[in-house]
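Hi everyone, thanks for coming. Today I'd like to walk you through one structure, going from whole chains down to a single residue. Please have a look at it first.

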Amino acid sequence: MSVSNRHDGVTAALVAYAAAFTYADVPHSAVDEIKTIVLDTFGALLLGSAPQYSASRLTGDLARRSGGIAESTVIGRDFKTSCESAALANGTMGYAADIEGASVARQHVPAVVVPAALAVGEREHADGRTFMAALAVGYEVCARASEACRTEHSYPHSFHPSATFGYFGAAAAAGHILKLDQRQLANALGIAGTNAAGLMTWVFDPTEDSRPFGLGMAARGGVTAALLAQMGFGGPPAILDPGKYSIYDAYAGEAHVERVTDGLGESPLWITRAGGYKRYPCCGDIHTGLDALLGIVEEHRIPPDDITAIVHRVKADRAPVIDNNPLKSHCAQYIMAVAAVNRTIGPNDILQDRRADPRIRAMFERVTLVGDAAMDPWPAGSPAVVEVTTRGGRTFSARVDWAKGRRENPMTRAELEEKFLRLAAARISHDAAERLMDQVYHLETVSDINDVAALLQVRPA
Amino acid sequence: MDDRHAGMTDRFAQFVETFPFERIPAPVIQRTKEVLYDGLGASLSATSPRYDIGAVLERFVRETGGAPEAQVFGTELRTNCATAALVNGTFGYYCDIESHHPGAIMHAIAIVGPAALAVGERMRRSGPDVLAAIVVGIDVACRVSYALGGAALYARGFHPSCVAGTFGAMAAAGRLFGLQGPALRHAFGLAGTEASGLLAWVSDDTEHSRPFNMGLASRHGVLAAHLASCGLGGPPMIFEGKYPLGQAFTGQWHAEALFDGLGEQFKVMELCFKLYACCAFIHPGLDGLLDILRAEHVRPGDVRRVTLRFPASGYHVIDGNALRSHCAQYVLALAAHRGAVQFFDILRDQRADPEIRSLSERVQVIGDRDLDRTYPDLYRSVIEVETPTATYRRDVTYPKGAPQQPLTAAELRQKFATLTEGVVSRERQDAIAEAVDRLEELDEIGTLTHLLRRDG
C-alpha cells in the first residue's frame, strides 16, 4: 500500500495524549454520559452472566478451573481470579446478550473496555475517577484505531471490528489504570495490536458462543499486553503508524491514518459520541425494523394471524449479515417474526428457538428482508421501511430512521434505569441492583472499584 | 472457492482426530524426537539469566497465577496449561535457533511443542500420545500455512507461524484433550477466531514481541481446544463459507495443500535445523561465507566486500532490517569475525567492535529474480566474498541442518550443550536427552517436563 510518510508519529502522538490523560480531562458534561454507559454495560454484563449463556458459563468455568491470583471478579460468580482471566470471562459476558449499547465507530466498545478496566481496576484498587478516565481513554484509542482502518469496510474482509480493534481499547484502558508511561503504553498497544484477532465466522456458529468469545479475547488480549508492558516487556512501538507490516495492510486494506490524531484533545471525546442504547437483545441493524413493525401492529391493532406478509427493507450493505443468519440474534426474519407474534422480543427469544411455536414458524416464513440500494444514500445509519400486509389485503407501512434508544431518538433516564433493573434482575436482587445503580451514579466518590465489583458477584443459590 | 473441497474442514479434522501413533513410520518418530530435543535446547537457552525475558515472564506467571497443571520451563513454577504454553512458546522462539519449515514459513516446534507438552502434562498423557500430537500438530500448522499462502501472509504483514501455528497448537492440544466429532470442529473454528500475529515486531528492538507472538499462538491453540472440550461452540467450518479463513488473512486458499500426501508425507521431515541464531533466510549465505573463509583461508580482515544474492520476493526481510537477527549485513559481518552467530550477539549490538561495524557496511544484499523460482520452498543464495586478491563465490541451495544436509546426533548434542550452558548441568542435559530418546516408552510425559524445571 502506498501511504505517505507524513503520518509517521501518529502512534507517538496518541500515546502522549493517552498517557497524560487524567480524570480532569474528562469534560464535566461527559461524566454523566460515562456513568450511563457503565450502568447500561453492568446491566448487560449481569444478564450475560446468566448460565443460560453458554459462552459465559463455559469461560467462567474455565476461569475457575484454570486458577489464578484472586484479584478480579468474575461477574455473576462467587470467585475472583487473575485480571486477565477475568477479562476473558467478563468480556465474553459483555457481548453475550448483545444488548449493551454505547457503540461508537462500529465498535461494541463497552463490552470490551468496561471488563478490561474493571478487572485491572480491581487488581490496582483504582478509584472511581481513574476507572472512568480509563474508559474514556479506552474509547478514544479504540475508536481512533477503528476509524483509521475504516472498519465499515472490514466486514467483507472477514475481520470483526469489535474484536479486532477492541484489543487496542482494552490495552489503553488497562494501561491507564496501570499508570503506564509513554514508552510502556506504546509497547502495550504494540503487543495488543500485533495480536489483534477475531473473525466474522461466528455468523456461522449457531451456538452463538464464538460471537461474544471474540470480544472476551480482545478484553484479555489488551489486559495481557498492558500487564506485560508494565513489567518491562517490549512491543512494536508505533503500531498505528503506516508502513511495512502495518495494521492497515493486515486488517483493513486501506489506511486513513490522519484519523488517529484528528482533533485529538480538541473535539468531543469519542466516549461522548457513543451511539445510544439498545432496547432489544439482537443485532443493532434490526432495531429500526422492530420499532417500525411494533409501531404498525400496535397502532393498527393487527393480530398476528391477520398478517400475511412482512417486508423489511434495509440498506443494501446492511442486509447480508442479518439476512437469514443462522444466529437467531442476527436473523432479521426470526426477530421480526417473534416480535410480530409476541409484540416484544426478549433474551429468552434468543436463547430458545421460538420457531417450535407453529405461529412463529409460520410468521417466520412470511418475513422478507430486502437490501434496498435506493436507501443507501439516506443519512441514517440503519434505517428501515417495514410493510405489513393483512388478510384483508391492506398494507401498512412505516419508516424508522433512528431506533428508539439511539442518540438521535434517545431513551429517557427512566427508561434506561428500567432497562438496567430488568437486566440486572436476571442475577441480583432489586435491592442490590438499586445499590449498584447508586454506586455508578456516584462513581467519582468511589475510593476503590472493588466496592462496586463486589455488587457484581453472585453467590450460588 | 472450489467445490471439490466441500467439507474440507471436516475431512481435515478427521485426520487430526483419527490418525494413530501406530501409523507414524519409525524415521518420522526419530526425527520428531530430534526436533523436540532441539526445540527444548532453544527454549531452555532463552531462560538463561543473561537474557531479560525469563525474569519478566516469570513475574507474569507469579502475578497472574494458575492451577499447577504444567511446568514453566527454566523455573520452579507450574501453572495452568494455557499460561505454560504462552510462556514456553515464547521461550521456544526467543533465541530463534529452533527448527523451522522454510516452505511453510513455519516455526512449528516453538508453538506445537509447548502446547503438546503442557496439555500432555495436564492430561497425564503418554510419550507416544504426545509424540503423535506433535507430528499431527506440525503437519496441521504447515499445511494451513500452505493453504493460506505463506508468501501472501507475509505480504499482508501476518506472521505465518502465528496465524497457522495456532491451528497446529490446537490440533496437538485437541488430540491430548481427546476432542472428537463436533468439539474438534468447533476447536478449529475457535482457533481461527483467535489466530493472528503481525510482523510489526520487526520494529521492536527488545525482541520481546517477536517470540511472544509464538507464545500466544501456542496459548490460543491450547485455549481453543480446552474450551471446545468443555463444550464451547465455534464456527464448525472455518475453512469454508462466507467468511472463510483465507479471505481474512490472504484472500487465497489452496485447499489441496491440506490433503496432498496427508498421513503419508510428514511435514516434520521437512524441518530445517538451525546452526545460527538468526533468520533462516540468511543461513545458506552464512554457510557459504564461513566455508569460503575456512576453505580459502581468508582472514576476516581481508574481506573487502560481501555480496549476498537472495530471492527477490524475500530479500527485503533481511536487507538492512533494524532487527539484527534479520539483518544480513549485521549477521554476515558478525559471523565473519566470530565464526558463529549466537543469540547473545544478536541481542547486544556487536558493532561496537569497529571491524564488525566496518564490514557490515560493506555487505550488500541483492534481490535476485532467478533465485525466486524456488522461493519460498528454498532460500537458495549466492554469496560472493571479495578480497584484495580474489573473489570467491558459493551457491548454496540447502543450508547445513536442512533435511538434505542433516545434523548428526553428535552435532545435535553439541548444539544443545552450547545452548544450555549455564542453564542446566551436564547431568540434566544427559537426562533430558535420555528422556526424549525413550519417549515412546514413557507412560507419562511429566517425566520429561519435570526435567525442564530450573536446575540448581
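Let me begin with a definition: when I speak of domains here, their bounds come from an automatic or database domain assignment. Keep in mind, too, that this is a predicted model.

With that in hand, let's go to chain B. Its assignment gives domain 1, covering 3–270, and domain 2, covering 280–396. How far apart do the C-alpha centres of these two domains of chain B lie? They lie 31 Å apart. The two domains do touch: the contact takes 14 residues from domain 1 of chain B and 14 residues from domain 2 of chain B. On the domain 1 side, those residues are six nonpolar, four polar and four charged.

Now for the contact between the chains. Chain B gives 48 residues to it, and chain A gives 52. Which elements of chain B give two or more residues to its side? They are helix 3 (53–64), helix 9 (181–194), helix 10 (209–230) and helix 11 (245–249) of chain B. Helix 10 of chain B has the largest share, with seven residues. Sorted by class, the side of chain B that touches chain A holds 22 nonpolar, 21 polar and five charged residues.

On to chain A, which has 19 helices and six strands. Its radius of gyration is 22 Å, close to the 23 Å that the globule rule gives for 461 residues, so chain A is as compact as a globular protein of that length. If you follow the C-alpha trace along its principal axes, chain A spans about 70 × 60 × 40 Å. Of its 461 residues, 63% count as buried. And if we take the contacts in chain A with a separation of 6 or more, residues 24 or more positions apart account for 79% of them.

Let's finish with one residue, A:Arg427. You'll find A:Arg427 in the loop between helix 17 (413–424) and helix 18 (430–441) of chain A. Is A:Arg427 buried or exposed? A:Arg427 counts as buried, because it has 20 C-beta neighbours inside 10 Å, and 20 or more is what the cut-off asks for. Leaving aside neighbours within four places in sequence, A:Arg427 is in contact with A:Leu46, A:Ser49, A:Ala50, A:Gly76 and A:Val458. Take A:Ser49 from that list: A:Arg427 and A:Ser49 are 378 residues apart in sequence, and yet 7.8 Å apart in space, C-alpha to C-alpha.

Terms used: Residues are numbered from 1 along each chain as its sequence is written. Chains are lettered from A and ligands numbered from 1 in the order in which they are written. This is a predicted model: local features need pLDDT of at least 70, side-chain atom pairs count only at pLDDT 80 or more; totals for chains, interfaces and linings use all residues. Helices (H or I, at least four residues) and strands (E, at least two) are DSSP runs, numbered from the N terminus. A residue is buried if 20 or more other C-beta atoms lie within 10 Å of its own, exposed if 12 or fewer, and partly exposed in between; C-beta atoms are placed from the backbone. Two residues are in contact if their C-beta atoms, placed from the backbone, lie within 7 Å. The radius of gyration is taken over C-alpha atoms; the globule rule is 2.2 Å times the number of residues to the power 0.38. Ala, Val, Leu, Ile, Met, Phe, Trp, Tyr, Cys and Pro count as nonpolar, Asp, Glu, Lys and Arg as charged, and the others, Gly among them, as polar.
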